[in-house]
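Subject: Structure handover

Hello,

Here is the structure for you to look at, with my notes on what was found in it below.

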Amino acid sequence: MRLDLSTWQEVEEYLKNCKGIILPIGSTEQHGPTGAIGTDALTAKSIALAVGKRTGVYVAPVQAYGMAEHHLGFPGTMSLQPSTLLQLIHDLVLSLAKNGFERIFIINGHGGNISTIKSAFAQAYSTASKLELPVANSLRCKIVSWFMTPEVLREARSLYGDKEGQHATPSEIAITLYLHPDLIQKQCKLPPPAKSGPIYDSQDFKRRYPDGRMGSDPYLAKPEHGKMFLDKATIALSTDLVNFLKEL
Ligand code: NI
């Protein structure tokens, strides 16, 4: 169920039976020397569409930009500052809430978005109350990161061990290879990655992680793994969504 391909009357009809909507969010940022810049948006979008298909819940267009300030040392990265992302998510939640959506389920593809999005939810609840929106007391927002679901973590650990790393991971790259087989040509054996560690500003990030990877070996990624990660994330997040819709 795609919001962007629906009419407003269809949305009005839908809201009589279901108050939920899925909003996928990613990031447009470097993913190491062999990974696509759009990895986080591509993964979040494909999983969101699959969850929408499985549950019959609307899927909003993907928000392809996220908080990626620390990746700005690498060309092609396009980032929103935390304050911008907070305002953006706040405004999108309010837009939906004003027309009666009560359950906003964000499927996230990028770790750097999480804390800001949780703050945006708090801000949105506060605004909805101040505006005395009819849904103010029943508005619920949730962010789930597909790569943190136990089923995905378990599978990534068994396939890649500690080569999964923290950024440009084989699991996320595998999904992009499954979705876009042309990307397989970019894959090649790389020297050992820099070890995972802290994240500060973009210059410090580039000094610690010169090729953009954090402890990962994306060469281990295979398209068939990607299909499996996509399926596992879809099943886990669909269950999560169904429970979220029922929450009081
Ligand atoms: Ni990523």
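This is a predicted model: local features need pLDDT of at least 70, side-chain atom pairs count only at pLDDT 80 or more; totals for chains, interfaces and linings use all residues.

Alanine 136 belongs to the loop that runs between helix H4 (114-130) and strand S4 (140-145). Its relative accessible area is 17%, and under 20% means buried, so alanine 136 is buried. From alanine 136 to proline 223 there are 87 residues in sequence and 43 Å in space, C-alpha to C-alpha.

The model also has a nickel ion. His31 (NE2), Asp40 (OD) and Glu172 (OE) coordinate the nickel ion at 1.9 to 2.2 Å. Along the chain, the donors have the spacing H-x8-D-x131-E. Histidine 31 is buried, at 1% relative accessibility, and aspartate 40 is buried at 1% as well.

Next, the aromatic rings. The count comes to seven aromatic pairs. One of them is tilted: tyrosine 14 and tyrosine 58, 4.3 Å centre to centre with 50° between the planes. This pair links helix H1 (residues 8-14), which holds tyrosine 14, to strand S2 (residues 58-59), which holds tyrosine 58, 44 residues apart. Both tyrosines are buried. Tyr14 and Tyr58 form one aromatic cluster with Phe101.

Phenylalanine 74 and phenylalanine 205 have planes at 90° and ring centres 6.3 Å apart, so this pair is edge-to-face. Phenylalanine 74 lies in the loop between S2 and helix H3 (82-98), and phenylalanine 205 in helix H7 (residues 202-208), 131 residues apart. Phenylalanine 74 is buried at 10% relative accessibility, and phenylalanine 205 is buried at 0%. Over the ring of phenylalanine 74 sits the charged end of lysine 206, 5.0 Å from the ring centre.

Regards

Key:
Residues are numbered from 1 along each chain as its sequence is written. Side-chain values use heavy atoms; hydrogens and water are left out. Helices (H or I, at least four residues) and strands (E, at least two) are DSSP runs, numbered from the N terminus. Buried means under 20% relative accessible area, exposed over 50%, partly exposed in between (1.4 Å probe, protein chains only). Donors are N, O and S atoms within 2.8 Å of the metal (3.2 Å for Na, K and Ca); water is not among the atoms, so sites may look incomplete. Rings of Phe, Tyr and Trp (its six-membered ring) pair if their centres lie within 6.5 Å; planes under 30 degrees apart count as stacked, over 60 as edge-to-face and the rest as tilted. A charge sits over a ring if NZ of Lys or CZ of Arg is within 6 Å of the ring centre and within 35 degrees of the ring normal.
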